[in-house]
Amino acid sequence: MKYGIHSLAFKQSMLILIGITLVFGMMFGSYRISIDNQMKAILMKRGTEISEKNLTYIDKIFTDCELVAENATNVLAGKGITDGERFPEALKSLLEYTRERVPQAIAVVLATDPENVGEYMKLARYEDGRINVITGSNYSDKEWFVSTKKAEQPLWQEPFVGDFVDEPIAVFTIPFYLPEKDGVKKFGGVICIDISLEFLRETVSQVKVINSGYSFVLSRNNTVVAHPNEDWVFNKTLQDLTKDDNESMKTLGRDIKLKKTGLLMGKKADGTAACIYHTPMHVKGWTFGVVWPAQKFFEEQHEMKLFFIKLTVAGYLIMLFIVLFISFRVARPLNKMSRVAHDLGKGNFDVKIPRIRGKDEVAQFAQAFNRMRESLVEYIENLKNVTDKNLRMESELNVARDIQLGVLPKNEDEESMRDGRHELSALLEPARGVGGDFYDFFPLDKDHIVLLIADVSGKGVPAALFMMSVRTQLKSLALALHPVDYVFDKANERLTHKNDSNMFVTVWMGVLDLQTGHVEFCCAGHNPPVIRHENGETEFIQSKSGLVMGGMPGIKYKMQSVDLQPGDTIFLYTDGVTESCNVDEKFFGDARLLESLRKSAGEPTKNLCTFVKSRIDGFVGEAPQFDDITMLALKYVGQKEEKKSNMQNFRKEMTVDSKIENIETLTSFVESSLSQFEPTMKAQMQINVAIDELFSNVIHYSGSSKMTLVLEVNQDVLTASLTFIDEGVAYDPLKKDDPDTTLSAEQREVGGLGIFLVKKTMDDVEYKRDGNKNVLKIVKKLV
């Protein structure tokens with residue numbers, strides 16, 4: 001095996017070198033930052049020393065000038081301007097006094113306010129060893145006069161070349177005020193002291209800065225006042241130097257504006273590297289700076305960096321050789337093991353495992369690899385045996401699945417149920433070979449069919465066996481013509497007996513009367529069915545669910561009912577439909593089921609279940625099926641329209657006094673009226689018992705003196721309706737609790753048994769209060 005860039009040895013070597021690179025890089029970065037900080041500290045200290053040494057001298061000149069000017073204004077404020085002829089001499093004396101304190105002063109100016117005093121300007125100028133006094137005019141709009149009057153305080157004016165002084169000067173202006181009788185001061189004028197800036201140039205030129213450095217001075221408006229380059233003095237400003245995107249000079253401008261002392265490492269205006277120190281002066285807004293060409297400092301940094309880079313490269317080469325040598329030496333036995341693994345992958349389990357000496361991880365890996373080969377050979381032999389068993393089991397499960405699905409009816413023809421009054425379809429798709437879901441449908445007689453759907457807990461063979469037991473119990477009890485609630489009660493007792501596996505089943509079973517669309521049903525913990533009406537609207541059947549079947553003995557299930565209209569479809573399903581899950585772990589749910597049934601309105605009944613299944617498949621996508629999917633749909637067609645239109649109903653009524661002896665009168669009336677319809681003996685006897693019980697309730701509880709009995713017969717379906725109407729006190733006998741028939745007659749409370757028998761024997765019983773009348777109606781099929 002060749003050692004390439006994809007080999008373990010190469011990758012290990014590169015990772016080690018990357019780690020070394022990071023370490024050296026952090027060391028180099030820290031070293032460089034430390035050197036830069038030390039150099040900045042040294043330059044900052046040098047700049048501070050230079051500025052303190054020179055600014056002390058410069059600031060003293062400006063300070064003395066300010067003191068002289070303030071003394072002069074105090075004299076004027078005290079005496080006022082009383083003798084203009086003595087001003088020339090006074091100005092000469094003031095200039096002589098000023099030059100004694102500030103030899104750089106070359107002129108003193110007195111200018112009065114034209115409004116308050118009158119226009120008067122005298123200038124004492126020192127020139128060629130003499131002091132001359134000159135008269136000036138037209139000064140009231142000059143910047144130095146206007147700004148001082150407006151500020152009402154002393155100002156250092158921006159340096160300029162004056163009208164009477166032919167060299168750059170710094171002018172200190174201070175206002176003076178005349179005393180008034182009422183104590184309010186009055187602006188009198190401005191006193192100016194002009195200082196030659198030649199001393200700044202001399203001072204700056206005498207500053208000694210190492211590495212050919214120099215110093216400079218900027219005015220309040222950042223005009224260059226002193227600089228080694230004479231062409232810049234009074235011709236350049238800081239704005240001129242920063243207009244070419246020189247970030248260093250821009251930073252300098254911001255610091256000066258904020259009156260900060262600082263040090264910049266960057267470039268001068270000519271683009272050469274430099275260190276620039278700056279600090280504010282005594283004169284407001286002026287700046288003193290020192291510049292060092294940074295070439296020497298940068299050269300030292302570059303030399304150190306180059307040395308460090310050379311050292312790093314040499315170390316890399318040495319480390320690369322050492323790391324590669326060690327890595328390849330360690331990887332050699334791994335390459336041998338890789339070739340063995342390649343042969344094993346091709347099925348050559350007789351390949352010899354190389355013996356590697358030592359106790360390190362590689363030797364332990366070789367020993368484990370040899371044990372793995374031996375275990376793999378043994379595992380493959382076992383796998384062959386297990387595979388054969390699984391194939392046999394899979395074949396047997398397929399047979400079991402065929403048997404399980406074979407016992408369930410596919411269509412009405414198998415149960416001899418084909419009838420123009422209904423249409424039916426069903427679908428069952430187990431999640432495994434066999435499952436616990438099932439459906440069933442079968443006839444009780446020519447007008448009644450049973451619909452059944454159930455979901456057994458668990459999956460696989462145990463669920464399938466329990467499912468067969470449940471189906472057998474329910475069908476045998478239903479075919480014995482027991483009511484649905486009795487079927488559920490009895491089946492639950494049988495399933496809970498010796499239920500050591502603790503399995504249970506959810507069940508929904510209903511009996512549909514094909515003549516009326518009336519469905520009597522019970523529910524044991526199952527999903528409520530959906531009714532899709534003829535207009536396409538869908539809704540769940542409103543019902544109360546009992547406990548799952550097989551979960552607990554002694555449970556009593558409640559009979560419930562719902563009426564289907566011609567064109568309605570009842571759809572039964574298991575939770576595998578609504579709980580089908582897609583790859584995002586979202587359920588198909590009730591809302592999508594209702595929507596799917598609404599959209600299936602145009603589908604024939606035989607395609608309804610497959611249509612819903614296609615909607616589930618589209619929602620689930622590639623996600624696997626975890627639960628059985630079972631559906632059963634029945635469309636109630638009802639009687640033909642032409643038959644309904646020819647149907648004739650029978651109606652009679654009788655009113656009697658509320659007396660016991662009239663029970664026989666009412667019974668005879670009903671028997672004679674129904675005789676033409678040939679009711680069964682059982683139906684007639686149950687109707688007679690109901691008349692006896694209900695008329696007795698009217699006599700004993702309503703207090704009405706009379707009662708009317710209305711008898712109606714639906715000749716199409718041979719169903720009799722008896723309506724008992726009285727004007728007694730409001731009394732609903734159906735609200736009375738049913739007696740506990742499991743108790744003996746001595747243990748039960750007296751009363752309620754008659755109404756209980758009526759509710760059990762009649763097909764429907766209902767009560768309402770209509771105004772001041774009690775109206776109780778019973779319905780009974782005659783055949």
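1. Helices here are DSSP runs of type H or I with at least four residues, numbered from the N terminus. The model is predicted. Helix 3 is followed by Glu152, whose phi is positive, near 60 degrees.

2. Helix 3 covers residues 143-151, and its buried residues are Trp144, Phe145, Ser147 and Thr148. These buried residues pack against strands: strand 1 (105-112), strand 2 (121-127), strand 4 (155-156), strand 5 (160-161), strand 6 (168-178) and strand 7 (186-196).

3. Helix 10 runs over residues 484-496. With 13 residues at 1.5 Å a residue it should span 18 Å, and its end C-alpha atoms are 18 Å apart, so the two values agree. Lys498, which follows helix 10, has a positive phi, near 55 degrees.

4. The buried set in helix 10 consists of Val484, Asp485, Val487, Phe488, Asp489, Ala491, Asn492, Leu495 and Thr496. Their packing partners are helix 9 (460-479), strand 16 (505-513), strand 17 (518-524) and helix 17 (753-761).

5. Helix 9 and helix 10 pack at an angle of about 145 degrees, and their axes are 9 Å apart. The crossing of helix 9 over helix 10 is right-handed. On the helix 9 side the contact involves Phe466, Ser469, Val470, Gln473, Leu474, Ser476, Leu477 and Ala478. Helix 10 contributes Val487, Lys490, Ala491, Arg494 and Leu495.

6. Helix 15 passes helix 16 in a right-handed crossing. From helix 15, Asn662, Ile663, Leu666, Thr667, Val670, Glu671 and Leu674 take part. They meet Gln684, Ile687, Asn688, Ile691, Asp692, Phe695 and Ser696 of helix 16.

7. The largest nonpolar core has 52 residues, and Phe488, Val505, Val507 and Met549 have the most contacts inside it. A second, separate core holds 46 residues, among them Val68, Ala69, Val225 and Val290. Beyond residues up to four places away in sequence, Phe488 touches Val507, Trp508, Met509, Cys522, Cys523, Ala524, Met549 and Tyr557.

8. With a cut-off of 2.5 Å between cysteine sulfur atoms, the disulfide count is zero. Cys523 is in no disulfide, and the nearest cysteine sulfur, that of Cys522, is 8.7 Å away. Cys523 has a relative accessible area of 2% and is therefore buried. Cys581 has a relative accessible area of 19%; it also counts as buried, because the limit is under 20%.

9. Thr578 lies in helix 11 (residues 575-578). Its relative accessibility is 7%, so Thr578 counts as buried. Apart from neighbours within four places in sequence, Thr578 is in contact with Asn527, Tyr573, Phe587, Phe588, Gly589, Asp590 and Leu593.

10. Thr723 belongs to strand 25 (residues 719-726). At 10% relative accessibility, Thr723 is likewise classed as buried. Its contacts, leaving aside neighbours within four places in sequence, are Thr708, Leu709, Val710, Val775, Leu776 and Lys777. Thr708 is 15 residues from Thr723 along the chain, and the C-alpha atoms of the two are separated by 8.0 Å.

Definitions and conventions. Residues numbered from 1 in each chain as written. Predicted model: local features only at pLDDT ≥ 70, side-chain atom pairs only at ≥ 80, totals over all residues. Heavy atoms only, no water. Helix = DSSP H or I, 4+ residues; strand = E, 2+ residues; numbered from the N terminus. Expected span 1.5 Å × (residues − 1). Buried < 20%, exposed > 50% of the residue type's maximum accessible area, 1.4 Å probe, protein only. Contact = heavy atoms within 4.5 Å. Core = buried A, V, L, I, M, F, W, Y, C linked by side-chain atoms within 4.5 Å. Axes fitted to C-alpha atoms, helices over the stretch in contact; angles between N-to-C directions. Left-handed = near helix turned anticlockwise from the far one by under 90°.
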